[in-house]
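The account below treats its packing and then its pockets.

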Amino acid sequence: MNKEQLLGQFKEFEIPHNDKSVELLFKFMEETLSTNEKFNLTSITDRDQFVEKMIFDSALVLADIDLKEKSIIDVGTGAGYPGMVLKILEPSCEMTLLDSTKKKIDYLDNFAKVNNLKVNCVAARAEDYCKSHREYFDFATARAVASLPILLEVITPMLKVGGHLLALKGPGYEDEINESKIAFEKLNLKIECVNEYVLPECKEQRAIIVIRKLKETNKKYPREYNEIKRKHL
């Protein structure tokens, strides 16, 4: 997918953008690929594939979700996808990029500062950061981080009542939903919808599971990560 094709998809899906934001997205791609030569950020190094599978895939969140002036945390942000992409396309949002690997966070923090993007870049584990940010965010995003049952327990406590987790998944997400039934009940969550897409060039399936938090989360969650991983809810 080249720039012209990306613009066509943005228009088709009514994803907010302008010349400045598109230019910055491609600058971010080049920064990611350049940094990738120093330490691992992505396995996708072909630029056409990168535009489709990293930039457009991340931007699809905005096809159905309005993030204007919302507080968002991108958990396990890695190279900054989708979090930095969403901040570039919707600069009014309050974005926190969270990852346990400090060198990834340092790279994102530097890019944000150089390009005058107000982004909170945090090197911490989600279950630890949650202790000081319970019931705080309007939205949380997670892409290629962990299975849904684990995500739910780690992320839910950070969401406001009425807030949403946007879980970006590929094929087989239905199995993860089935495995999460107890977690949905104990954490007072409800699936509002699942937005399904097919990436236009590679034809890979994508799904964004939109999950709403109905009530305040019990203080005993999240448990220690080793316990969550050993036996999820």
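Contact here means heavy atoms within 4.5 Å. The model is predicted: local features need pLDDT of at least 70 and side-chain atom pairs count only at pLDDT 80 or more, while totals for chains, interfaces and linings use all residues. Residues are numbered from 1 along each chain as its sequence is written, and side-chain values use heavy atoms, with hydrogens and water left out.

Beyond its neighbours within four places in sequence, Phe10 is in contact with Ile15, His17, Val22, Leu25, Phe56, Ala59 and Leu89. Phe10 and Met84 have the most contacts inside the largest nonpolar core, a set of 52 residues. Such a core joins buried Ala, Val, Leu, Ile, Met, Phe, Trp, Tyr and Cys residues through side-chain atoms within 4.5 Å, where buried means under 20% relative accessible area (1.4 Å probe, protein chains only). Helix 2 (residues 19-36) supplies the largest share of this core, seven residues; helices are DSSP runs of H or I with at least four residues, numbered from the N terminus.

Attention now turns to the pockets. On a 1 Å grid over the protein atoms alone, a pocket is an open set of points where a 1.4 Å probe fits, with protein on both sides within 12 Å along at least five of seven lines; lining residues have an atom within 4 Å of a point. The largest pocket is lined by 34 residues, with Val75, Gly76, Arg143, Ala144 and Val145 nearest its centre. Helix 7 gives the most to this lining, three residues.

Note on methods
Buried < 20%, exposed > 50% of the residue type's maximum accessible area, 1.4 Å probe, protein only. Helix = DSSP H or I, 4+ residues; strand = E, 2+ residues; numbered from the N terminus.
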